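Me: I'm new to reading protein structures. Could we go through this one together, one question at a time?

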Amino acid sequence: MTLLTAFARVEAAAAGRARLIRTVRHVHLGRRPLVVIPLQLAGEACAPLAVLLGDDPDKPRLLTVYEPRDRARRFEFAADLAEVILGHLDGYLPVDDASDDDAGDAGQDTGFSHDRAPAPEPLPDAPQLLVPNPNAAAFLRLLGRSTRLRRTDGEYAVRPTVPLLGRWLTHYAERAEVPGSVLLLPMTTALAEHWATGQSDLEDANLAALLGWIDPAEGLTGQQAARLAEDPVRCPPAGPVTDPTFDNEVLEGRMQAIRDASQSSDAPALARAQAAMDAALHGQLAPTWELMWRAHALLAALPEAAHAERRWKDDRRSFTAQAAWLREGGAPQPRRDSAVAAAKRLARLEREQQRLAVERAHDDPLVMAEYRLTGEAFAGTVVDADLTRVDTEGKKAKLRPWLIVRTTDAVIVEPGAVLTCPDYPSQAAKVIHVTTASDNGDNDNHDDHEDRDNDNDPVGTLVTLELSGGMGRALAAPPGTTPGLADVVTYTTLRDDFQPAPQFPSREETPWTHGGPPIEYVPTDDDAQEPWS
Amino acid sequence: MSIEDAAKRARQATDRILGSLATASHGVVVDSPPGAGKSTLVVRAAAELADQGERVMIVGQTNEQVDDLIDRLAADHPDTPIGRLSAAAYLPSERVAAHQNVAARSSVAELADHPVVVATAAKWAVLKDVDRTWPWAIVDEAYQMRSDALLRVARLFDKALFVGDPGQLDPFSTVETERWLGLNWDPMSSAVAVLLTNNSHIPVHSLPVSWRLPASAAPVVSAAFYPFTGFAAATEDSDRRLGWNTRPFGQNSFDLALETAARTGWALFELGHRHTLPTDAEAIAACAGLAARLRQRGAVTISERSPEPLPVTDDRIAIGVTRTVQAAAVRRALRELGVTDVVVDTANRLQGREFDVTIMLHPLSGRRDATAFHLEAGRLCVLASRHRHACIVVARAGIPELLDAHPSAEPVHLGVPVKFPDGWEAHQAFMAHLARHRVCAA
């Protein structure tokens with residue numbers, strides 16, 4: 001937690017209401033997001049119990065597994081879920097252009113669009129999935145993993161849509177690991193990034209409590225609203241784990257009723273029992289459904305950050321590439337990454353992480369303030385500038401303007417460090433000197449009594465910077481390409497310096513240090529087996 | 001152990017390791033505790049392989065390390081042509097440029113007739129014009145290298161000697177993911193870990209004596225951080241002395257801490273219990289104040305290197321911290337005291353370096369909780385094993401209680417070997433030792 005967030009939390013606790021800690025919304029919100037709230041059966045890894053989903057706040061759709069311990073029922077449920085989710089995704093896919101086949105090998109490194117082949121122009125929009133919390137996203141990942149390798153013929157065959165759903169869910173889950181991606185967005189994560197509450201991170205993972213702090217009901221403080229939210233009767237958990245008391249006192253009885261009815265082949269009783277279970281599960285899910293759309297509205301009310309669109313474009317590109325890969329009959333995602341695939345993926349994740357950090361700081365002064373507090377950035381006024389300075393030492397004369405920025409921020413940069421200014425992102429600024437500003441000359445016309453307050457305080461720090469880049473080729477900087485005298489500027493060590501993607505050996509050339517070349521991956525029936533399934 | 005005995009043991013170990021190179025099918029791993037003569041081994045191995053007519057590539061991790069190594073190598077073997085492969089923008093540092101037998105180039109082709117070529121892992125990874133492989137590579141600081149970096153350079157060599165200190169900080173990544181945990185080629189684990197998981201037949205040797213750590217420190221560091229391999233100090237208590245040119249006028253708690261450190265090799269300078277920000281103003285002031293006082297008192301050392309007292313110059317004093325902001329704060333505090341050349345850095349950046357006296361700000365000082373980051377054994381080990389004479393630990397009271405309140409609660413993952421030493425246990429052992437050297441801040 002940064003100092004600023006810690007401070008905002010203290011303020012939130014004192015005021016009884018969450019504090020907004022961002023000036024803009026750093027996540028893109030889809031035009032018509034699909035809200036998915038899964039529930040699982042306690043005591044089993046990845047046994048789906050129910051899901052409430054839909055893209056219209058007024059029309060949630062409930063899918064239930066009446067006997068989650070029965071594997072066959074689970075896959076029937078997966079087929080039902082596939083119908084809804086794939087139906088939603090279809091709305092974003094191009095109608096039918098079978099000639100478009102430049103998909104490359106995107107499936108080898110899912111979660112990213114491929115960038116070796118010329119990237120196809122991403123589709124104009126992509127379906128966003130909103131889930132309540134990271135555990136719900138993890139549940140969808142497991143569901144994807146347990147369905148994407150199923151066979152559609154022979155023994156234990158499933159409907160063809162089941163493995164297809166698994167591959168899409170896997171794609172969404174893998175994309176969610178990419179820093180800055182919002183294709184699959186856990187709501188608590190998105191809210192906690194923008195608001196600081198008076199409770200711990202652990203408590204923030206409860207959607208109802210978090211929203212209680214951000215938007216308490218009339219007449220309640222955040223503390224009171226969060227406390228009410230901890231009552232599982234009033235606010236059933238947002239899943240995927242259900243409330244144990246509900247399991248014992250309601251769920252078990254209704255499931256038993258269904259078992260009894262199906263054993264006695266009593267069709268009307270079975271229908272009644274199933275309706276009763278649907279009603280119970282709907283009661284557990286409906287409050288979270290309301291919360292999800294309330295949270296969505298709160299986020300939507302914030303103006304979107306400038307770079308969110310860039311990241312969303314990457315999300316759209318990944319969706320487009322995955323769609324093309326599936327259309328061409330590409331293989332499902334393998335169980336494990338090979339040595340080369342893992343190393344490549346890590347390099348890209350780190351690259352995206354760095355980019356995200358830079359973009360957030362550039363988009364949002366409150367994020368930049370966190371860096372200013374740690375000394376990794378400073379803001380100040382240009383007090384002197386030599387914008388026509390030319391460096392003639394090298395073979396060719398180069399335009400290298402100097403700026404002197406005066407700041408009262410704590411500056412920890414050392415001479416030689418290279419900084420950037422968010423307003424001039426393509427321009428590098430090398431630190432030449434850092435000196436403590438003296439009173440001489442600056443305070444001449446101040447009255448004595450004004451000086452008394454800060455008798456021993458340094459007036460600030462003077463940082464001399466040498467600019468390069470982003471000023472054209474001529475030996476005079478065109479107006480507007482550099483900061484000018486008296487401008488207020490921010491300089492930071494955060495840089496998004498372009499690095500070419502690191503080269504790795506091909507799969508076939510995996511060296512002996514990493515186990516040698518892996519055997520070619522061919523999906524088999526065994527892949528679908530889990531130790532716990 | 002007398003110095004002669006230590007030298008004999010070290011030589012035998014090195015001979016055994018070099019002997020095993022001839023029979024190695026793929027490579028050899030050498031674990032080297034702090035100051036155990038790792039560079040000496042690398043230099044000897046490179047020279048012997050070169051003498052046998054083999055071409056050797058040496059993989060370092062940072063430009064700084066590479067330059068240090070070249071300096072050693074070129075000085076010990078002035079007749080061996082050494083290639084320094086580097087980015088085009090690299091300007092040879094003074095210590096490299098001083099050697100006639102070193103040539104700095106940006107492409108391998110220009111160094112074809114150099115039997116020994118040295119570069120960073122990052123540079124080796126981007127070579128384009130490579131038409132043949134090297135029969136031998138020496139990978140230095142291999143425990144600091146991430147396995148994905150090894151993946152990028154492994155195509156260049158047939159066999160390799162991996163040398164490094166297993167007790168130091170593990171390589172890290174800016175992204176957090178559990179995706180590859182338990183995989184034999186987890187790109188986030190160290191090069192040596194992946195190498196040994198995939199090639200269990202590779203022999204692992206270790207160097208037996210530390211030339212850096214004094215007799216007061218080696219058993220403590222060995223027991224806390226190297227519980228299974230262990231090592232001994234090469235010197236005896238009587239070989240090393242830290243003394244002063246002046247007597248204090250009056251005596252404050254700084255002087256008491258300095259005296260304790262001079263007498264026993266350790267001091268715990270304990271501030272009152274309090275929860276603080278990372279940049280705890282009092283603790284920062286204590287670190288800077290102790291360093292300034294050490295200079296004022298005119299510290300001198302006597303060691304096996306010189307029977308005459310040598311002054312402890314500023315560059316032989318280091319202040320080790322956990323976070324960059326702390327380092328910046330300590331530097332600022334030192335500047336205000338008029339001290340500029342004392343080395344202040346984070347544990348990551350002090351790895352592999354050596355000083356006469358170190359002052360460390362304890363990673364858990366002033367904290368309310370003990371997270372995995374702050375409990376990491378490697379970080380504490382780096383900070384506690386940089387000194388030849390004495391180490392002064394600055395900390396707020398209450399660390400043993402904090403540890404008791406936060407037992408390690410990291411999840412255990414299938415297929416991931418349990419890591420030793422355990423950070424929590426190492427911290428406890430270290431604090432238990434320091435308790436005997438406590439000086440309370442006035």
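Predicted model: local features only at pLDDT ≥ 70, side-chain atom pairs only at ≥ 80, totals over all residues.

Me: Is the crossing of H1(B) and H2(B) left-handed or right-handed?

Reply: Residues are numbered from 1 along each chain as its sequence is written, while chains are lettered from A and ligands numbered from 1 in the order in which they are written. The H labels are helices (H or I, at least four residues) and the E labels strands (E, at least two), all DSSP runs numbered from the N terminus. A crossing is left-handed if the near helix is turned anticlockwise from the far one by less than a right angle, and right-handed if clockwise; for H1(B) and H2(B) it is right-handed.

Me: Which word describes how H1(B) and H2(B) are oriented to each other?

Reply: Helix H1 (residues 3-23) and helix H2 (residues 38-51) of chain B have axes 11 Å apart and pack at an angle of about 40°. Axes are lines fitted to C-alpha atoms, for helices over the stretch in contact, and angles run from 0 to 180 degrees between N-to-C directions. Under 35 degrees is roughly parallel, over 145 roughly antiparallel, 65 to 115 roughly perpendicular, and the rest oblique. H1(B) and H2(B) are therefore oblique.

Me: How many residues in the contact of H14(B) with H16(B) are nonpolar?

Reply: Helix H14 (residues 377-384) and helix H16 (residues 423-434) of chain B cross at roughly 35°, their axes coming within 8 Å. Ala, Val, Leu, Ile, Met, Phe, Trp, Tyr, Cys and Pro count as nonpolar, Asp, Glu, Lys and Arg as charged, and the others, Gly among them, as polar. In this contact there are no charged residues, two polar ones, and nonpolar ones numbering five.

Me: What radius of gyration does chain B have?

Reply: The radius of gyration is taken over C-alpha atoms, and the globule rule is 2.2 Å times the number of residues to the power 0.38. A compact globule of 442 residues would be near 22 Å, and chain B agrees with that at 22 Å.

Me: Which residue in E4(A) is the bridge partner of A:Ala50?

Reply: Strand E3 (residues 48-54) of chain A runs antiparallel to E4(A), joined by four bridges. The partner of A:Ala50 there is A:Thr64.

Me: Which helix gives the most to the side of chain A that touches chain B?

Reply: In total, 27 residues of chain A are in contact with 27 residues of chain B. With nine residues, the element of chain A that gives the most is helix H12 (residues 339-363).

Note on methods
Contact = placed C-beta atoms within 7 Å. Pairing = 2+ DSSP bridges.
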